[in-house]
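Here is a short note for a colleague meeting this structure for the first time. Please read it with the model open.

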Amino acid sequence: MDSVATVPLSERPEWSDVVPLTQDDGPNPVVPIAYKEDFRETMDYFRAIYNADERSPRALRLTEEALRLNSGNYTVWHFRRLVLEELEHDLYEEMNFIESIAEDNSKNYQLWHHRRWVADKLGPEVAGKELDFTRRVLSLDAKHYHAWSHRQWALQALGGWENELDYCHELLEADVFNNSAWNQRYYVITRSPFLGGLEAMRESEVSYTVKAILANPGNESSWRYLKALYKDGTKSWISDPSVSSVCLKVLSRTDCFHGFALSTLLDLLCDGLRPTNEHRDSVKALAGEEPETNLANLVCTVLCRVDPIRANYWAWRKSKITVAI
Amino acid sequence: MSETVVHGEAIEWSEEEEEDSDDSEEEYTSPSQPLSSANFDKDRHLVYLQMMYELLPYHYQSQEINRLTLAHFIICGLHFLGATDRVDKDEVANWVLSFQAFPSNRASLKKGEFYGFYGSRSSQFPIDENGDLTHNNSHLASTYCALAILKVTGHDLATIDSESLLLSMKNLQQDDGSFMPIHTGGETDLRFVYCAAAISEMLGDWSGMDKEKAKNYILNCQSYDGGFGLIPGSESHGGGTYCAIASLRLMGFIGVDLLSNDSSSSILDPSLLLNWSLQRQASDGGFQGRTNKQSDTCYAFWIGAVLKLIGGDAFIDKVALRQFLLSCQSKYGGFSKFPGALPDLYHSYYGYTAFSLLEEPELSPLCPELGLPLLTSLGICKGGGGNHQKS
Ligand SMILES: [Zn+2]
């Protein structure tokens, strides 16, 4: 807490002319909150200033005190914006203020909305600043949803795409299970004005992803990303040998989880992949004595065993198989 | 739970991981009790909710602006436990109604403001000498919560002025189909599309939103893995996916037959959505909100309800899920986010809705698309699921 806030507002000369506007909770308040005295007092002074629409430097300071007590209060943030505009306050200073609030709690929508409002006013010259700020937040929590949303907005609205694929790589090096970084990677390859889109990126991305899969075959994120690389329909994933070969490589290993390789193979078969003997053999090796002639059925049977929490689902998938292979 | 927790807003899924301060221990003085139990402990949940109903501990002051939401969790929670007789329904209804904002005349509806319900008393001020609101801070999430409380306390929604509410709600819808939560500005995302749809459903009137535009926005939020992010391009998320699917259901664009229909005729990719949703059940039995994240009580509802709405709930491993939820049941009553953490109202409420999805006999049945108790006599979820006609 700010040191200034330790002196009650009612004892500060600066505020002696203001009558706090107490909150009228009525005779029968439902779910009353046991407010602490400093909270009640700060909000009562805020109400007085807000109601009088006093857009002054002290009003700006008061919103800061109120936000330190409840940073999710959108009314306080809104009034702060009115004051900032009226005072033509330095918006770079405002960015520092936001960062200091974010140090206490960066998980609220209002803070990020405010940040966007400021960055939008400052325009492309703060693109780098926004990327730095979100990078700092993501260094503490690499899956911070608000920070990622803000970063995507900043890239679209202000620019700064040049190193974004490298940044995704950096995060995936640190934690290849970080699904937010995979999502960002997809965002970059499909939207960056410098990369030429999914079709242009497919080959290199497939090889990147296959490496990641072989290093961690139990990582759902990389398997999902692999499938997404064929989403534009310009190349079918059943005709690309890389996909079925990564399944085979994983299935031939005995030291890893086979669920995602099997479910990918099942999707390929359902989408029309003509299985080879190698496919059959690798699944049969896992199936043991199961008497099943249809390969897709057999894959489901194995999935029921290796992924028991979803056994009902794999049994249902089996019942839906229409391909006779 | 620390003061930084912002889990309070109904449709505000923040995923704090730093909330493990134990300074609220003092608030709950309860005789020592076994740490976890084998059953849903209704009596303790009643004690917890009633205690919260009487006085919320000061930790909730940081969520003051969402007081109607906190009230919604408590009062609708009590309804799930079959205990709404513990509250004075008229008193509650009058209190909720006191948060509704009205235009001074019909002309002011065109000024771009939204006339719904305020989130709390702190942002509400007396009407000025011209009969105008000095500050109109009506919020879509608060409006959803207000109507929800009114519904479960048996208040006839036909008696409230829904015309100004719905007409002015149009002011919040953006060109891309999304909604702002408040006319003074705010982030637009799927949460508020959902609020608008749920409000329209509860009021039985869809004139306040452009369904076609809303649908297109929702479909733009479906990610490459089959789930939905909160905004287009963002990572698939349990809360976003719930808002997407529940809204499409409420608007009548999808029905319970989503999975049995031919995929190619569907507006979204139902098989990928089903696969993504089921994959969120982790090895500890709980549901995670995103791929490779920790299981968390509330996603048992957000994802569980999606599965229920698309007809895939039979594939949930219900025994494992129940075990996980019981490990999050607090000895003080209520549910925590993670096993062994302190309970909070948000996770308690979604713990009750999750147990209701699991058809726990001690809980009222759930209306999954509204996230509320099933109230057939009051017109919520007639015939078990909103309006299904394709429009
Ligand atoms: Zn949660």
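**Notes on chain A**

1. Start with charge. Chain A carries 37 positive and 49 negative side chains. The centres of these two sets are 9 Å apart. Keep in mind that the model is predicted.

2. Next, the fold. Chain A has 16 helices and 0 strands. Its radius of gyration is 28 Å, well over the 20 Å that the globule rule gives for 325 residues, so chain A is more spread out than a compact globule. The C-alpha trace spans about 90 × 50 × 30 Å along its principal axes.

3. Then burial and surface. Of the 325 residues in chain A, 57% are buried. The accessible surface of the chain comes to about 14,000 Å². Carbon and sulfur atoms account for 50% of that surface.

4. Contacts come next. Take the contacts in chain A between residues at least 6 apart in sequence: 63% of them join residues at least 24 apart.

5. Now one helix, H13(A), residues 259-270. Its 12 residues should span 16 Å at 1.5 Å a residue, and the end C-alpha atoms are 16 Å apart, which agrees.

6. How enclosed is H13(A)? Buried residues make up 11 of its 12, so the helix is largely enclosed by the rest of the structure. Among them are Phe260(A), Ser263(A), Asp267(A) and Leu269(A).

7. What do the buried residues of H13(A) pack against? In chain A, the partners are helices H11 (220-228), H12 (241-251), H14 (277-287), H15 (295-306) and H16 (311-319).

8. Last, the end of the helix. Gly272(A) follows H13(A) and has a positive phi, near 115 degrees.

How values were computed. Residues are numbered from 1 along each chain as its sequence is written. Chains are lettered from A and ligands numbered from 1 in the order in which they are written. This is a predicted model: local features need pLDDT of at least 70, side-chain atom pairs count only at pLDDT 80 or more; totals for chains, interfaces and linings use all residues. Side-chain values use heavy atoms; hydrogens and water are left out. Helices (H or I, at least four residues) and strands (E, at least two) are DSSP runs, numbered from the N terminus. The radius of gyration is taken over C-alpha atoms; the globule rule is 2.2 Å times the number of residues to the power 0.38. Buried means under 20% relative accessible area, exposed over 50%, partly exposed in between (1.4 Å probe, protein chains only). Contact means heavy atoms within 4.5 Å. Accessible areas come from the Shrake-Rupley method with a 1.4 Å probe; for residues, only the protein chains shown count as cover. Lys and Arg count as positive and Asp and Glu as negative; His and the chain ends are not counted. The place of a charge is taken as NZ of Lys, CZ of Arg, CG of Asp or CD of Glu. The expected span of a helix is 1.5 Å times one less than its number of residues.
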